[in-house]
Amino acid sequence: MSHQFDYPPDAAHAEPTISRGRRSNENSGRHAQTWSPRRNTALLRLSFSILAAALDFLAIMLAAVVAQLAYHVAAYSWNGLTAANLQPSLIAAAIFLLANAMRQEYSFANYLQLRGHGWRSFGLWTLVCLLALAIGFLTKTTEDTSRAAFVLASAAGIAAILAQRATLCHFVRASAETGGVSARRLFLVGFEQDIKVFTYRYKPWTCGMNVVASVVLRDSEQTLTDDLALAVASARMLRPDDIFILTPWSRTDVIDECVTAFLHMPARIHLGPERVLDRFVDARIDKVGAISSLSLSGHPLNLVEIAAKRVFDIVASATALLLLSPLLLLCGLLIRLESKGPALFLQRRYGFNRETFRIVKFRTMKTMEDDRHMKQATANDPRVTRIGRFLRRYNIDELPQLFNVLRGDMSLVGPRPHAVAHDQLFERRIALYARRHNVKPGITGWAQVNGLRGEIDSPEKIRQRVEHDLYYIDNWSMLFDIAIMFLTVFSRKAYRNAV
């Protein structure tokens, strides 16, 4: 991906330079280039929104038709597809589209990534289906409608919506990366090095953003007014959606001048990111009373999400313990028969907020180390027993941790806890490692189902594991947890690198 800038060798003493955005071959000059923005940008975005809404409607109605046909053929051996049976689905589709349009769900920018679509769509669709039933009941228009068929159509509807969204997001992302269409048109103004760093680090064109022009400011009080006058004239001609001021935050004098110059422009003004913000994915402006601040991080889950996750943990772990109790008793007996010592092994680990707890595992070694001199298990480790090797190979040694989940020390899904001695070592070597303790540790996690388990014998392995754990923390959803649990059982990667 090329991104053209034509900078003078000495930005402090040269005339300001305007460079066209990506895929531009024109040379930059002292004055703004006579280039007008595409007049059909707004029309393209409106057309996309209409298309996205139409695809949602088609997905819902197609799912309703298939579900109604399948139900009536299976239950009554006849085609019960009638207008009355499709009416609740039609009402639900209309409300769903209207609600999404009101919250601007169908904007092009929302389709640059799939993240968030699942949770938002599932929550809204559930409410919409209940509302559609209530409307049908109050208007007495659903007397001839099969309730079971509508439930089946509702389940098929959300599946169709998510499949359609995933497909559309894929094509939108591909189109944005090739410059086919842009969600936002950016105008960059700032010092030469800051513009270069911004474009290199963030590559806005990969996010569906088109840099229409860049104005380099000279680092001189005498020339700043002239440079900004040229920048404003250029921005008025190019009509960008967003103006990014790219200067160090310590240069408040330059920032104030830029804000004053662009404040009356019909575009959003952004203060370019400082490098420290790269460490925080959810940094945002917060306001408490009359105090405004830049909030860098907070609790990864809100109270409702914490409660939902905890309820799921209790129900699922209690059910699993009940169903797996014969297997647990058998494993404990085999361990005791093979070697001396207890069947269960307790070891100190760091949990939520770095509070220590005793993790429960089946004993798979002849030793029971739990101090700073403990050694990680390695491939063909002679300390591992025969039954222990089998239990490790299929993750059965982790099952007693269901008791930790019931106690509240752990969750079913989360970053896997390391031994305290190893935690202390990794915290000193890996940036942001301690963020793993912002949520409860889990029996399984995103890193494990991607094959990142077992012995850590290189800095790259722990770096990848931490990256996956932090991705899980920043992208948590109940559906994500369920997907990880499914992969833990059925994915080959989840059993890779067992020692």
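Colleague: What makes the meeting of α8 and α9 a contact, and which residues take part?

Modeller: Cys331, Leu334, Ile335 and Glu338 of α8 meet Arg386, Ile387, Gly388 and Leu391 of α9. Contact requires heavy atoms within 4.5 Å. The model is predicted, so local features need pLDDT of at least 70 and side-chain atom pairs count only at pLDDT 80 or more, whereas totals for chains, interfaces and linings use all residues. Residues are numbered from 1 along each chain as its sequence is written, and side-chain values use heavy atoms, with hydrogens and water left out.

Colleague: Why is α8 called roughly antiparallel to α9?

Modeller: The two helices pack at an angle of about 150°, and their axes are 9 Å apart. Because angles over 145 degrees count as roughly antiparallel (under 35 is roughly parallel, 65 to 115 roughly perpendicular and the rest oblique), α8 is roughly antiparallel to α9. An axis is a line fitted to C-alpha atoms, for helices over the stretch in contact, and the angle runs from 0 to 180 degrees between N-to-C directions. The residues of this contact comprise five nonpolar, one polar and two charged. Ala, Val, Leu, Ile, Met, Phe, Trp, Tyr, Cys and Pro count as nonpolar, Asp, Glu, Lys and Arg as charged, and the others, Gly among them, as polar.

Colleague: What is the handedness of the crossing of α6 and α7?

Modeller: The crossing of α6 and α7 is right-handed. A crossing has this name if the near helix is turned clockwise from the far one by less than a right angle, and is left-handed if anticlockwise. Helix α6 (residues 221–238) and helix α7 (residues 252–262) have axes 10 Å apart and pack at about 35°. The contact involves Leu224, Leu228, Ala231, Val232 and Ala235 of α6, together with Val254, Glu257, Cys258, Ala261 and Phe262 of α7. Nine of these residues are nonpolar, none is polar and one is charged.

Colleague: How many residues does the largest nonpolar core have, and which elements supply it?

Modeller: The largest nonpolar core has 35 residues, and Leu391, Ile462 and Tyr472 have the most contacts inside it. At least two residues each come from α8, β9 (356–362), α9 (386–393), α10 (401–407), β10 (411–413), α13 (459–474) and α14. A second, separate core of 25 residues includes Ala53, Ala92, Leu112 and Cys129. A core is a set of buried Ala, Val, Leu, Ile, Met, Phe, Trp, Tyr and Cys residues joined through side-chain atoms within 4.5 Å.

Colleague: How do you know whether isoleucine 245 is buried or exposed?

Modeller: Its relative accessible area is 1%, so isoleucine 245 is buried. Buried means under 20%, exposed over 50% and partly exposed in between (1.4 Å probe, protein chains only). Isoleucine 245 belongs to strand β4 (residues 242–246). Glycine 190 is 55 residues away from isoleucine 245 in sequence, yet the C-alpha to C-alpha distance is 5.7 Å. Beyond four places in sequence, the contacts of isoleucine 245 include Val189, Cys258 and Ile269.

Colleague: Is asparagine 404 buried or exposed?

Modeller: Asparagine 404, in helix α10, has 1% relative accessibility and therefore counts as buried. Leaving aside neighbours within four places, asparagine 404 touches Phe357, Arg358, Ile359, Val360, Asp409 and Met410.

Colleague: What sets the phi of glutamine 104 and that of asparagine 353 apart?

Modeller: Glutamine 104 has a phi near 55°, a positive value in a residue other than glycine. It lies in the loop between α2 (83–102) and α3 (117–139), and its relative accessibility of 60% makes it exposed. Asparagine 353 has a positive phi of about 60° although it is not a glycine. Asparagine 353 is in the loop between β8 (344–350) and β9, and counts as exposed at 52% relative accessibility.

Colleague: How many helices and strands does the chain have?

Modeller: There are 14 helices and eleven strands. Helices (H or I, at least four residues) and strands (E, at least two) are DSSP runs, numbered from the N terminus. Of the 499 residues in the chain, 45% are buried.
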